[in-house]
Amino acid sequence: MLRTGIRVATGRAIAFGACAPLRSIGKGGLGDFSTLLKETTKMMEAGKEQLEKAEHVGTAGAGMVSVTLNGLGRIKAIKIDEALKKDPKHLSVIEDLIMTAHNSAHEKITRVDPNNLGDLFKKFNL
C-alpha cells in the first residue's frame with residue numbers, strides 16, 4: 001500500500017485509490033462527498049439568511065442613541081432621542097454617540113456563539 005497521498009483535516013494520509021477515510025463521510029465515498037457538499041452549501045445559505053434577519057442593537061448616551069445592525073453588519077435602523085435633535089449644538093455629540101452605538105452593536109456581531117454552530121458540528125460529527 002502506498003504511504004503517500006492527500007493530507008486531510010485529521011492529519012491522516014490517504015493512499016491514492018484507497019478512500020477509506022472519505023468513505024467514513026458517507027456510504028458511497030466521493031459520491032456522498034458531493035451530497036455532503038450540497039448539504040453544506042444549503043446550510044451556509046440558511047446561515048446567511050439567519051444573519052440577514054438577526055438584529056443586534058448597540059446604544060450610547062444612556063440609550064439616547066441606538067443603532068441596529070443585522071448579522072452581516074448592515075445598518076437596519078438608527079434612533080436618536082428627540083431631545084438631542086432639537087439643539088443644533090448637539091450635532092458633534094450625536095455623531096460621537098452614533099459611532100459608539102454602532103461599535104457596540106458590531107461587537108455583538110463579532111462574538112461567536114458556539115450554540116449557533118452546533119448543527120454544523122453535528123453534521124460533521126465534531
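These are my notebook entries on a predicted model of one protein chain.

**Entry 1: the whole chain**

I began with the secondary structure. The protein chain has five helices and five strands. Read from the N terminus, the elements come in the order β-β-α-α-β-β-β-α-α-α. I then looked up how much of the chain is covered. Of its 126 residues, 19% count as buried. The chain exposes about 9500 Å², and carbon and sulfur atoms supply 57% of that area. I also checked how far along the sequence the contacts reach. Among contacts between residues at least 6 apart in sequence, 33% join residues at least 24 apart.

**Entry 2: the sheet**

Which strands make up the open sheet, and in what order? I found three strands in the order S3-S4-S5, with antiparallel pairing. Strand S3 covers residues 56-60 and strand S5 covers residues 75-80. Each of these two has a single partner strand, so one side of each is left without a neighbour in the sheet. Neighbouring strands here are turned by 15° against each other on average, with direction ignored.

I went through the pairings next. S3 and S4 run antiparallel and are joined by five bridges. Strand S4, residues 65-69, is also joined to S5 by five bridges, again antiparallel. I followed Val67 of S4 to both sides. Gly58 stands opposite Val67, and in S5 the bridge partner of Val67 is Ile78.

S3 and S4 form a hairpin with four residues between them. Gly61 lies in that turn and has a positive phi of about 60°.

**Entry 3: His56**

His56 is in strand S3. His56 and Thr68 are twelve residues apart in sequence, yet their C-alpha atoms are 5.5 Å apart in space. Leaving aside neighbours within four places in sequence, I listed the contacts of His56. They are Val67, Thr68, Leu69, Asn70, Gly71, Ala105, Lys108 and Ile109.

Which strands does helix H4 lie across? Helix H4, residues 91-110, lies across S3, S4 and S5, and runs at about 145° to S3.

I then looked up the largest nonpolar core. This core has ten residues: Ala60, Val65, Val67, Leu69, Leu84, Ile94, Leu97, Ala101, Ala105 and Ile109. S4 and H4 are the elements that give two or more residues to this core. H4 supplies the largest share, five residues. As a general note, nonpolar side chains tend to be buried together in soluble globular proteins.

Not counting residues up to four places away in sequence, Leu97 touches Ala60, Gly61, Val65 and Leu84.

**Entry 4: salt bridges**

How many salt bridges are there? The count comes to three.

Is Glu55 buried or exposed? Its relative accessibility is 52%, so Glu55 counts as exposed, the cut-off being over 50%. Lys76, at 41%, counts as partly exposed.

Another pair is Lys85 and Glu82, with closest N and O atoms 3.3 Å apart. Both lie in helix H3, residues 82-86, and are three residues apart, about one turn of the helix. Lys85 counts as partly exposed at 47% relative accessibility. Glu82 also counts as partly exposed, at 49%.

I also noted the pair Arg111 and Glu107, where the closest N and O atoms are 3.4 Å apart. Arg111 has a relative accessible area of 52%, so Arg111 is exposed. Glu107 counts as partly exposed at 46%.

How values were computed. Residues numbered from 1 in each chain as written. Predicted model: local features only at pLDDT ≥ 70, side-chain atom pairs only at ≥ 80, totals over all residues. Heavy atoms only, no water. Pairing = 2+ DSSP bridges. Axes fitted to C-alpha atoms, helices over the stretch in contact; angles between N-to-C directions. Contact = heavy atoms within 4.5 Å. Core = buried A, V, L, I, M, F, W, Y, C linked by side-chain atoms within 4.5 Å. Buried < 20%, exposed > 50% of the residue type's maximum accessible area, 1.4 Å probe, protein only. Salt bridge = Lys/Arg side-chain N within 4 Å of Asp/Glu carboxyl O. Areas by Shrake-Rupley, 256 points an atom, 1.4 Å probe, with all protein chains shown as cover.
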